[in-house]
Amino acid sequence: MNFEFRQKPLQLRSILIAVLTGILIGAVIVLCCGYDPFEIFGALLSGAAGSARNLSTSLRWTTPLLFTGVAAALSFRGGMFNFGIEGQLCMGGLASTLVGVYGAALPGPLLILLMMAAGMAAGALWAVIPAIVRVRLNGSEIVPALMLNYTAANLTEYLVHWYFLASGSHGDTLKTEEIAEQAKLAKIIPGYQITYGFIIGLLVVALFWFLMKKSRLGYDISMSGFNPEFAHYGGVNVDKMRITVMLLSGAIAGLGGAVEVMAVRWRYETEFSPAYGDDGILAALLGSSTPLGTMLGAFFMGFLKAGSLAVERYTEVSRAFATVIKGTVICLVSARMLSQYLGVDALADKVAGRLPARFRKDRVNREEGTT
């Protein structure tokens, strides 16, 4: 049995209710644990945007989510559910790292471009199997994409441990050698964490907007996702579009891994991605898979990440309370989408619209019968 994912736009009211409910539940849990919610959320806001340095930290955490958010949004717009973004990010990160290490003799601009290309190629390659399962085997792409996340995490760890481990490494963290100096992306403002990787992420969002709004390919992708039957009769090769969407989504996720290496880590190491893929999917869902909405969703998730780390540093509350907020938001957004998918909203509107009128009609008839 296959699952046709067709995301319908969420109203701003629904998104705000989901976010505010998640914050409220987080506040209740903090209060039940004996802490002052105002103090905790004050620390969260201060840690996310209380100073220029904190703001730059939030933008640092937002940067990879711009890539994973666009990767998820593109797959949703094409009717595919790419749950393998985490694995594609990791494969892209390792591939770009190897180019950056073994291509150290190359000039900086060329090496950066090759690292990006390697990351995109690895990410797209890791998306091939889910695409084939969906198109050729008529199965769901969700499960193989999800399982490939674990495969990617363990495969990259194995390769680093046995073939690319940095000399002198010890402890539980496995890491490669650093990439060449000329391949490291500079900071936009010296002394702050925000790098030119953030600018590349914004460019990816802009290209996503251009693709979906100004190109024939974007129109075909949207039609294939929204109404594949109509797209087929309109001359669009739906299966080809689905494969294209998955490969593009994987390539963007892989590019995110490459930028993470060049901008922040300068190498590949274990636990490379602290759930960037999952957070990107949530950003896309919050933004209804639109370019602007996905970007705002990525900002929200990045600021929440930076704020939760500040809360853990300056209070006795763990950063895990941010996971509670995210989990609640995911549940509420998913429930809203499921109600749209099952037609519950339409049924409720139909019932709410007809029953009162019928009751009024019956009342009028009764009143007329008594006169």
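F198 is buried, with a relative accessible area of 8%. In this predicted model, F198 sits in helix 8. Apart from neighbours within four places in sequence, F198 is in contact with L59, T63, L66 and F299. The C-alpha atoms of F198 and K187 are 9.7 Å apart in space, and the two residues are 11 apart in sequence.

Helix 8 covers residues 196-214, and helix 9 covers residues 216-226. Two packed helices are described by the angle between their axes and the distance between the axes. For helix 8 and helix 9, the angle is about 75 degrees and the axes are 5 Å apart. Angles from 65 to 115 degrees count as roughly perpendicular, and helix 8 and helix 9 are therefore roughly perpendicular to each other. On the side of helix 8, the residues that meet helix 9 are L211, M212 and K214. Helix 9 contributes R216, L217, G218, I221 and S222. Sorted by type, the residues of this contact between helix 8 and helix 9 are four nonpolar, two polar and two charged.

The view can now widen to the whole protein. The protein contains 15 helices and zero strands. Of its 371 residues, 49% are buried. Among contacts in the protein with a separation of 6 or more, 75% are between residues 24 or more positions apart. The accessible surface of the protein is about 18500 Å², and carbon and sulfur atoms account for 66% of that surface.

Helix 6 shows how buried residues are covered. Helix 6 runs through residues 128-135, and P130, A131, V133, R134 and V135 are buried there. The cover over the buried residues of helix 6 includes helix 5 (108-126), helix 7 (142-162) and helix 11 (238-265).

P37 is another buried residue, at 15% relative accessibility. Why does P37 count as buried at 15% relative accessibility? The word buried applies to a relative accessible area under 20%, so P37, at 15%, counts as buried. P37 belongs to helix 2, which spans residues 37-49. Not counting residues up to four places away in sequence, P37 touches A27, V30 and L31. P37 and G26 are 11 residues apart in sequence, and their C-alpha atoms are 8.6 Å apart in space.

The aromatic rings come next. How many aromatic pairs does a search of the whole structure find? The search finds nine aromatic pairs. A pair of aromatic rings is described by the distance of the centres and the angle of the planes. For F76 and F81, the ring centres are 5.0 Å apart and the planes are at 55 degrees, so the pair is tilted. F76 is buried, with a relative accessible area of 2%. F81 also counts as buried, at 12% relative accessibility. F81 forms an aromatic pair with F83 as well, and this pair is tilted, with 5.1 Å from centre to centre and 35 degrees between the planes. F83 counts as partly exposed, at 25% relative accessibility.

Notes:
Residues are numbered from 1 along each chain as its sequence is written. This is a predicted model: local features need pLDDT of at least 70, side-chain atom pairs count only at pLDDT 80 or more; totals for chains, interfaces and linings use all residues. Side-chain values use heavy atoms; hydrogens and water are left out. Helices (H or I, at least four residues) and strands (E, at least two) are DSSP runs, numbered from the N terminus. Buried means under 20% relative accessible area, exposed over 50%, partly exposed in between (1.4 Å probe, protein chains only). Contact means heavy atoms within 4.5 Å. Accessible areas come from the Shrake-Rupley method with a 1.4 Å probe; for residues, only the protein chains shown count as cover. Axes are lines fitted to C-alpha atoms, for helices over the stretch in contact, and angles run from 0 to 180 degrees between N-to-C directions. Angles under 35 degrees count as roughly parallel, over 145 as roughly antiparallel, 65 to 115 as roughly perpendicular and the rest as oblique. Ala, Val, Leu, Ile, Met, Phe, Trp, Tyr, Cys and Pro count as nonpolar, Asp, Glu, Lys and Arg as charged, and the others, Gly among them, as polar. Rings of Phe, Tyr and Trp (its six-membered ring) pair if their centres lie within 6.5 Å; planes under 30 degrees apart count as stacked, over 60 as edge-to-face and the rest as tilted.
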